[in-house]
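The sequence and structure are shown first.

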Amino acid sequence: MAIRDIFPNKVRLSITRMCFFINTICSKVHDPIKFDDLENEAAIIQCQFDMYFPPAFFDIIVHLIVHLVREIKCCGPVYLQWMYLVE
């Protein structure tokens, strides 16, 4: 059974947009001009998830994407902030 059989097109589109967003913020090189567009994209993705998934799906982690672009503006690329090696 393929993923296209499980999810409707709109849900797949929002999940794909989330994947592209995460891929963009995890890259090592960022274009500061596109930060405002990324913040808007995060808000749109969050709204789409609110439309397609039940409220029980959401926790603090899903809400976290709204703040990630601001963290990149303040602290630099995400890969420099990860604490996996220290933990």
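## Packing of H2 against H5

In this predicted model, the axes of helix H2 (residues 9-25) and helix H5 (residues 65-75) cross at roughly 20° and come within 11 Å. H2 is therefore roughly parallel to H5 (angles under 35 degrees count as such). H2 passes H5 in a left-handed crossing, the near helix being turned anticlockwise from the far one by less than a right angle.

On the H2 side, Met18, Phe21 and Ile25 meet Ile65, Leu68, Val69 and Ile72 of H5; contact means heavy atoms within 4.5 Å. By class, this contact of H2 with H5 has 7 nonpolar, no polar and no charged residues.

## Packing of H2 against H3

H2 also packs with helix H3 (residues 35-52), at an angle of about 150° and with the axes 10 Å apart. H2 passes H3 in a left-handed crossing. Residues of H2 in this contact include Lys10, Arg17, Met18 and Phe21, and those of H3 include Glu41, Ile45, Phe49 and Tyr52. The contact of H2 with H3 has 11 nonpolar, 3 polar and 3 charged residues.

## Cysteines

The count of disulfides, defined as pairs of cysteine sulfur atoms within 2.5 Å, comes to 0. Cys26 has 28% relative accessibility and so counts as partly exposed, a class between buried (under 20% relative accessible area) and exposed (over 50%), with a 1.4 Å probe and protein chains only. Cys47, at 48% relative accessibility, also counts as partly exposed.

## Basis of the values

Local features need pLDDT of at least 70 and side-chain atom pairs count only at pLDDT 80 or more, whereas totals for chains, interfaces and linings use all residues. Residues are numbered from 1 along each chain as its sequence is written, and side-chain values use heavy atoms, with hydrogens and water left out.

Definitions and conventions: Axes fitted to C-alpha atoms, helices over the stretch in contact; angles between N-to-C directions. Helix = DSSP H or I, 4+ residues; strand = E, 2+ residues; numbered from the N terminus. Parallel < 35°, antiparallel > 145°, perpendicular 65-115°, else oblique. Nonpolar A, V, L, I, M, F, W, Y, C, P; charged D, E, K, R; others polar.
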